[in-house]
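Please open the model in a viewer and keep the selection panel at hand.

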Amino acid sequence: MTATRRLEVDQLELGYRDRTVIHSLSLLVPPGQVTAIVGPNACGKSTLLRALTRLLPPRRGRVLLDGQEIHRLRAKELARQLGLLPQSPIAPEGITVGDLVGRGRHPHQSVFSRWSHADDLAVAAALEATQTTELVDRPVDELSGGQRQRVWIAMALAQETDVLLLDEPTTFLDVSHQIEVLDLLTDLNRSRGTTIVMVLHDLNVAARYADHLLAMVAGRLHAAGPPEDVLTTETVRAVFGLDSHVITDPVSGKPLMLPIGRHHVERARV
Amino acid sequence: MTATLLPPSRPPSTTLEVTAAAVARGRVRRNLRRRVVVTVLAVLVAGVFVLSLLVGHTYYSPDEVLRVILGERVDGATFTVGRLRLPRAVTALATGASFGLGGVTFQTMLRNPLASPDVIGITSGAGAAAAFAIVILSLSGTAVSAMAIAASLGVALLIYGLAYKDGVAGTRLVLIGIGMAAMLHSATFYVLSRATEWDRAEATRWISGSLNGSQWKDVVPVLLAMVVLVPTLLLQSRNLSMTRLGDDAAGALGVRVERTRATVVVAAVGLIAFATAAAGPIAFVAFLSGPIAARLVGGSASLLVPAGLVGALLVLVADLCGQYAFSMRYPVGVVTGVLGAPYLLYLIVRSNRAGGSW
């Protein structure tokens with residue numbers, strides 16, 4: 001087991017120019033668990049992730065990693081402890097899988113340091129964990145969407161951080177690839193104790209794969225806790241403004257939300 | 001303590017070693033290709049440099065040229081090689097490398113091959129300011145370089161400011177830059193038309209770049225600037241190539257994106273401005289060097305050194321061709337312009353079809 005890191009947000013206020021996106025948000029990311037952030041579009045989920053990796057300086061409040069303010073840490077030092085896979089990273093034209101995954105080693109290298117065997121091993125382990133070993137010499141441009149996403153995750157794994165943040169890692173993937181990616185992240189959490197925080201669009205997928213759900217609305221935290229407590233008819237109404245019916249997922253035993261729209265509803269609301 | 005994929009207690013599994021070996025092979029292959037390309041380019045640059053000292057209307061043997069460089073008096077050669085060919089070749093080398101380095105820096109940073117300083121008006125800014133300083137203010141030397149630098153930094157900031165709207169989109173910046181370049185070109189023409197005596201050689205220099213009449217006093221500032229700015233740029237080489245993953249991805253991997261960007265912009269603008277003050281805005285060298293280097297090196301290796309060499313080679317070869325390949329002598333910028341224009345058209349056509357990211 002690896003050291004578990006405590007990521008905390010204390011009265012955080014974030015914004016861009018004259019627009020405030022997050023208002024006085026406080027939360028704790030449970031160490032060693034999988035946390036999913038859900039909420040409607042533009043509620044500040046991605047903004048929050050950017051602030052957690054200090055890509056966005058807070059206007060007020062603090063982000064703490066093991067009690068230390070992350071804006072006080074050196075950039076590479078933070079990047080050895082905390083990784084982020086943004087929503088749409090760019091693969092430079094012609095880059096091979098091996099080269100791209102190797103970029104994840106950047107925080108472990110200095111301007112003059114040579115590439116070491118440890119770097120090769122870390123890249124190799126990341127490739128094997130994501131089942132992309134066969135692709136190592138292929139150009140990233142030629143891969144399918146699912147393969148490409150696995151390669152990006154491999155890059156984040158090669159970074160060898162205790163905490164991994166992912167911004168909508170399953171968007172643009174078909175359902176089998178979505179499940180594949182989420183299973184992979186679960187493996188990572190279970191085998192290495194990596195703390196995972198991801199923004200997810202699909203409430204039911206979030207409830208199934210996360211130990212801890214954060215429901216956000218309009219820059220505020222509406223509810224936080226295990227999926228059983230958070231994914232309720234009340235939360236769905238408050239967060240998404242949608243009527244719903246929540247049952248127990250017969251496959252996972254987690255809550256499953258069935259939306260109630262204006263059409264195709266046979267039974268009255270329960 | 002950081003997490004390791006392999007707890008130290010357990011020896012690495014053999015399959016992992018096999019994969020690691022495959023990873024290492026790919027890396028070695030990429031590095032080898034880059035090294036071969038850089039070596040070949042360096043040899044070519046050196047070869048053409050020497051050739052441009054030997055040949056001309058009179059041929060001088062390598063022995064004679066060497067004696068001139070060592071300071072001996074050789075009839076004819078001392079003047080032709082020492083005063084004409086050598087400063088000209090050094091200027092070609094230094095300005096070509098500066099344009100190549102500056103160009104590829106902008107293209108990499110803005111992830112768009114169209115965003116090179118000669119397309120988006122930064123070179124034209126330096127050219128207009130240098131022409132103004134020389135023709136209207138009768139300045140020379142350092143004062144000209146200083147005005148060129150101030151103008152190109154000003155143009156860079158202006159384009160950035162005009163293109164800024166919730167971040168800078170490459171395409172918007174390129175379009176604004178092209179407009180800016182056109183405006184600055186006409187400013188240069190206006191300045192030249194005010195010159196008391198219309199000197200055609202001087203005019204071509206500030207419109208498309210020329211090495212005619214290059215003297216040591218023109219090239220020394222370029223060399224001094226390179227001593228400071230090239231190492232600055234090379235130290236940022238890794239960070240710069242990391243930013244190609246996107247600002248957030250690079251930032252999450254520990255790159256100080258804003259700091260990297262500010263450093264490389266100042267270094268690249270400096271190189272471009274000094275080179276322009278010495279030889280004028282030699283058309284399209286900054287624009288062509290990066291893509292040619294990328295094609296040669298392949299993949300995503302750092303393009304700084306190969307692009308600098310390609311730039312030097314382009315200017316040296318184009319100047320030789322301009323002087324001797326045709327019945328008439330053409331300034332170097334006319335030759336590079338003929339090479340660059342079709343490629344610019346090609347890129348514009350292609351980027352209209354497919355988004356235009358690099």
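Helices (H or I, at least four residues) and strands (E, at least two) are here DSSP runs, numbered from the N terminus. This is a predicted model, in which local features need pLDDT of at least 70, side-chain atom pairs count only at pLDDT 80 or more, and totals for chains, interfaces and linings use all residues. Residues are numbered from 1 along each chain as its sequence is written, and chains are lettered from A and ligands numbered from 1 in the order in which they are written.

Select chain B: it contains 14 helices and zero strands. Its radius of gyration (taken over C-alpha atoms) is 22 Å, close to the 21 Å given for 358 residues by the globule rule, so chain B is as compact as a globular protein of that length. That rule is 2.2 Å times the number of residues to the power 0.38. Along the principal axes, the C-alpha atoms of chain B fill a box of roughly 80 × 55 × 35 Å.

Colour chain B by burial next. Of its 358 residues, 51% are buried, that is, with 20 or more other C-beta atoms within 10 Å of their own, C-beta atoms being placed from the backbone.

Now move to chain A and display its open, mixed sheet of six strands, ordered β6-β7-β8-β3-β9-β10. Strands count as paired if DSSP finds at least two bridges between them. At the edges stand β6 (82-85) and β10 (220-225) of chain A, each with a single partner strand, so one side of each lacks a neighbour in the sheet.

Finally, select residues 163-167 (β7) and 195-199 (β8) of chain A, which pair in the parallel sense over five bridges. There, A:Leu165 has A:Val197 in β8(A) as its bridge partner.

Terms used:
A residue is buried if 20 or more other C-beta atoms lie within 10 Å of its own, exposed if 12 or fewer, and partly exposed in between; C-beta atoms are placed from the backbone.
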